Amino acid sequence: MGFLVGEDDDDKKSSLAKSVNDTFSTAKSIAESNASSAKIMEILEQMDGVYSRLSKTMGLGRESAQAIKSSLGDAYSDVAKLGGSMADIESIQKGLVGALGTNVLASKEAFKDIYAAASVTNQSVDAITKKFVDAGYNFNNIGKETEKIVNTARSLGVSAEAVSRSVLSNMEALDTHNFSGGVDGLAKMAATSAGLRVDMSTILKAVDKAFNPEGAIEMAAAFQRLGVSQSELLDPMRLMNMSQNDPEAFQQSIAKMGASLTELDEKGNVKIAPGSIRRMKELADAAGIPQGEFAKMSKAAAELDMKMSKLEFPDFATDEQKTLLANITQMKDGQMQIKVDGKMKDMNEVLQGFKGDEEGLKKFLSDNQPKSNEELLTEQLTVAQKIAANTESLKGKTGYAMAGTKKGEEMIVATGTIAKAITDSFNKELDISKMREGLDGHLTAMGDALLSFSKGEIDFTELLGKASTGIAEFTTSIGDVGGRVLKNLSDEGVKLREGNPTEQTAYYGTMKLAGIAADAEKIKTNPIEDNKAVNKANPINTDLQKFTGDYRKIVEYQKPENLKGESKTYHSGKLNMDINVSMPAGMDKTTFESLMRTPEFKEGILKMIHDSPSLNNKSNVTAKG
């Protein structure tokens, strides 16, 4: 095995060891995130926060929590695999509500498609969602429509980000002009604009100028006066038709007109010919395009024409393939060059190799073939990012699944119910109005003492005594709050015990805080018999059933028939009792002392007294309760 790891190759050893450790560490973190009750609870709390934020936007109450959590949780794994997070999913849902104005919940496919579309185009989720929805597109189709935009840009060798941004910025044009194929046509025009290095909105202003008969007639007349030779630009009817029904053709004609004003200088740079500068300004004004933008577009069009004329394309090459090849070709020292396998090569020599080989050309251009957003985004991730994304997509699945279930919702609500029971217990004792009244009484007494002292009715020693007494009484009343709070917690717990299943689940936590329940670790719980099949099929319910099982155990402890004790009763006019009590098995001393203070325990004592054979003489009485 020396050829795998040399005995003296420490670097390879450490690299292999690190790889193995990383693999085990990853597997451990995935397992822990799906099996640890603490990790599961973290996700339940995370999803409750997601619900809370979205409910404020959507104006929904707790009854919708499970639906929101299940909808977003279902999408997590697919989105995480693409490098996304729950925050991204939440952002998409919020964006949909804002764009649609309705409380629609997206499917997991829609979440994945919109996330991929935003990532591939490098546009914000809000922008993509709102623009497409406002243009009348169903949000479930956003993924497919953006794929058209990206693939159009790729097929012409221009920036997908620039084309996507241009399309989104000019979506309103779909309502005012007829683009062939809708978004397809708009994307084609945006891609051409990107290749011409001009903003599509600039061209659309020129298009709008020829939209009506008056504007078309005026523009055609100006072009004729300035010596334009292109027939489609000299005919008002054709100008108007292109403006309304084929803005892309209008743009191509204007670019071709501008290209005729350029020349190639001795260094191989394209510039406006010195004798055409004045004419260029007049043509720009006639077209309604800023002069700087018109000049930039004219030079880009001339450069593309030059490449197209010098490249020797195979006969079977399509117009789209020719444009792509021209856009990825570099002009250097009068030569058409392209980088292949890290080396600069003459483009015509490369193209010669594809004579009669149509499939070979397609393979050469395979990087620019249509792909789905998901495929493209996955390929764009680094190897490390892809590994991390796949790992994250497997983490926390149990928690996200539980968050969308009725039981999971009961667990998280029970946590809140416990917290409310605690705060209610304190509120009863720390009532501001009662505290104010108490303070007022004590301070009034001290004020009266000061007045008596000022009148000479009491001496200084008596004044200090009265003041100390008032302060001590107030301090004592505040200090008693803790005991009364525990009593209130016990009362709150009894109320919860009689409530619905969620409140009964919360009962355990409340009573534990009151000192009535033992630590969870010390209580041996029995599985709920009628849920054995559920436990086996769905282990995620274990925590909830443990809470319920603990609750039932405590209730059993509190039943009078389970309070086993021995009572010796003596009666001579008034009742004196000496009770010896033995603790039930499995209960500690602190817990039992707390239990003795409950109403149930007192009922058990009364039952012992009631069942005693005689209370009229001094005989010993033993009662089993």
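In the predicted model, the axes of helix α4 (residues 86-100) and helix α5 (residues 108-121) come within 10 Å and cross at roughly 100°, where axes are lines fitted to C-alpha atoms, for helices over the stretch in contact, and angles run from 0 to 180 degrees between N-to-C directions. The two helices α4 and α5 are therefore roughly perpendicular to each other, on a scale in which angles under 35 degrees count as roughly parallel, over 145 as roughly antiparallel, 65 to 115 as roughly perpendicular and the rest as oblique. Where they meet, D88, I89, I92, Q93 and L96 of α4 are in contact with F111, I114 and Y115 of α5, contact being defined by heavy atoms within 4.5 Å. Helices (H or I, at least four residues) and strands (E, at least two) are DSSP runs, numbered from the N terminus.

Residues are numbered from 1 along each chain as its sequence is written. Because this is a predicted model, local features need pLDDT of at least 70 and side-chain atom pairs count only at pLDDT 80 or more, while totals for chains, interfaces and linings use all residues; side-chain values use heavy atoms, with hydrogens and water left out.

The protein chain contains 31 helices and 7 strands, and 41% of its 625 residues count as buried, a class that means under 20% relative accessible area, with exposed set at over 50% and partly exposed in between (1.4 Å probe, protein chains only). Among contacts between residues at least 6 apart in sequence, 64% join residues at least 24 apart. The pLDDT, which is the predictor's confidence in each residue from 0 to 100, averages 77 over the protein chain, and 64% of the residues score at least 70. Over residues 1-8 the pLDDT is below 50, and this stretch has 5 contacts in the model beyond near neighbours in sequence. The pLDDT also stays under 50 over residues 509-560, for which the model has 101 contacts beyond four places in sequence.

Helix α5 is also one of the packing partners of helix α20 (residues 373-380), in which N373, L376 and L377 are buried. Seen down the axis of α20, these buried residues fall within an arc of 95°, so they line one face of the helix; the arc is that of the directions from the helix axis to the C-beta atoms. The buried residues of α20 pack against α5 and also against α7 (142-155).

The largest nonpolar core has 104 residues, of which L72, F223, F250, I254, F294 and M297 touch the most other members; such a core is a set of buried Ala, Val, Leu, Ile, Met, Phe, Trp, Tyr and Cys residues joined through side-chain atoms within 4.5 Å. Helix α2 (residues 37-58) gives the most to this core, with 9 residues. Leaving out residues up to four places away in sequence, I254 touches F223, L233, A287, I289, F294 and M297. Apart from this core lies another, of 15 residues, among them M336, M347, L361 and L365.

In helix α9 (residues 183-195), T192 is buried, with a relative accessible area of 12%, and, its neighbours within four places in sequence left aside, T192 is in contact with E248, Q251 and Q252. The loop between α9 and α10 (200-209) holds R197, which has a positive phi of about 60° although it is not a glycine, and which, at 42% relative accessibility, counts as partly exposed.

M240, found in helix α13 (residues 236-245), is buried, with a relative accessible area of 14%. Although M240 and A210 are 30 residues apart in sequence, they are 5.5 Å apart in space, C-alpha to C-alpha, and, residues up to four places away not being counted, M240 touches A210, F211, N212, P213 and A216.

A pairing over a sequence separation of 336 residues involves G404 and I68, whose C-alpha atoms are separated by 7.8 Å. G404 is found in the loop between α22 (397-403) and α23 (406-429) and, at 14% relative accessibility, counts as buried. Its contacts, apart from neighbours within four places in sequence, are with Q66, K69 and S70.
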